[in-house]
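Below is a short briefing on one protein structure. Please look over the sequence and the model before reading on.

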Amino acid sequence: MLLKFNEKEVLRYLGYRGVPADERTVSVIDEVYQELLKVVQPKYIYREYDFDRSDGGITVENIEFKSEKLLSHLKNSSSVVLFGATLGTETDTLIRRYSVSDTAHAAVAQAVAASLTENLCDRACEEIKQILGGTHRPRFSPGYGDLELSTQRDFFKLLDMSRRLGVTLSDECIMTPTKSVTAFIGIIK
């Protein structure tokens, strides 16, 4: 899967708001993008579940996710998809290498990799939509709104993220590789 970055998004991440980027910045963005393309290993997994609504959250496979906002977000959904994606460990390695040698390149690499992660998620969600059909709600990730980041632990168990994607979770519920995403997606059929 060839991923593409969104230049406007990258520039926004870099702090260019309403100001055009200079030629040097655009050149560095392109250079970093070409380097990232050599190392990214985009992967995603998903699984569709039935879920129960409860006071203040949802239950999937006997695991309760407490969040009024998630419950509201899944309004009218007949099922929920648990979704995980990553750019792989080599992306983090390249960003770390830049951070030691060139902080400007490191900042650009963070921005480009973030945009590539969004592109991976968008494209994966389109593929999932083609497979499952129906109308899909936007992604809703642990740590958003009132859905505690600690729900990542249960999310990881349900999707077996470490084994299937190679993504690990720290004690603080931070994912490694860092350019990884988890999300709930409501399916309305």
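This is a predicted model: local features need pLDDT of at least 70, side-chain atom pairs count only at pLDDT 80 or more; totals for chains, interfaces and linings use all residues.

Residues are numbered from 1 along each chain as its sequence is written, and side-chain values use heavy atoms, with hydrogens and water left out. Helices (H or I, at least four residues) and strands (E, at least two) are DSSP runs, numbered from the N terminus.

**Strand 5**

- Eight of the eight residues of strand 5 (residues 79-86) are buried, so the strand is largely enclosed by the rest of the structure. Buried means under 20% relative accessible area and exposed over 50%, with partly exposed in between (1.4 Å probe, protein chains only).
- Ser-79, Val-81, Phe-83 and Ala-85 point one way from strand 5, while Val-80, Leu-82, Gly-84 and Thr-86 point the other way.
- Strand 5 pairs with strand 1 (residues 43-49) in the antiparallel sense over seven bridges; pairing requires that DSSP finds at least two bridges between two strands. Tyr-44 stands opposite Ala-85 of strand 5.
- Strand 9 (residues 180-188) also runs antiparallel to strand 5, joined by eight bridges. There, Phe-184 is the bridge partner of Leu-82.

**Helix 4**

- The 13 residues of helix 4 (residues 89-101) should span 18 Å at 1.5 Å a residue, and the end C-alpha atoms are 19 Å apart, which agrees. The expected span is 1.5 Å times one less than the number of residues.
- Thr-91, Asp-92, Leu-94, Ile-95 and Tyr-98 are the buried residues of helix 4. Seen down the axis, they fall within an arc of 160°, so they line one face of the helix; the arc is that of the directions from the helix axis to the C-beta atoms.
- Arg-96, Val-100 and Ser-101, on the other side of helix 4, are exposed.
- The cover over the buried residues of helix 4 includes helix 2 (23-39), helix 5 (103-132) and strand 8 (175-176).

**Ile-128**

- Ile-128 lies in helix 5 and counts as buried because its relative accessibility is 1%.
- Apart from neighbours within four places in sequence, Ile-128 is in contact (heavy atoms within 4.5 Å) with Tyr-44, Tyr-46, Phe-83, Gly-133 and His-136.
- Arg-17 is 111 residues from Ile-128 in sequence and 33 Å away in space, C-alpha to C-alpha.
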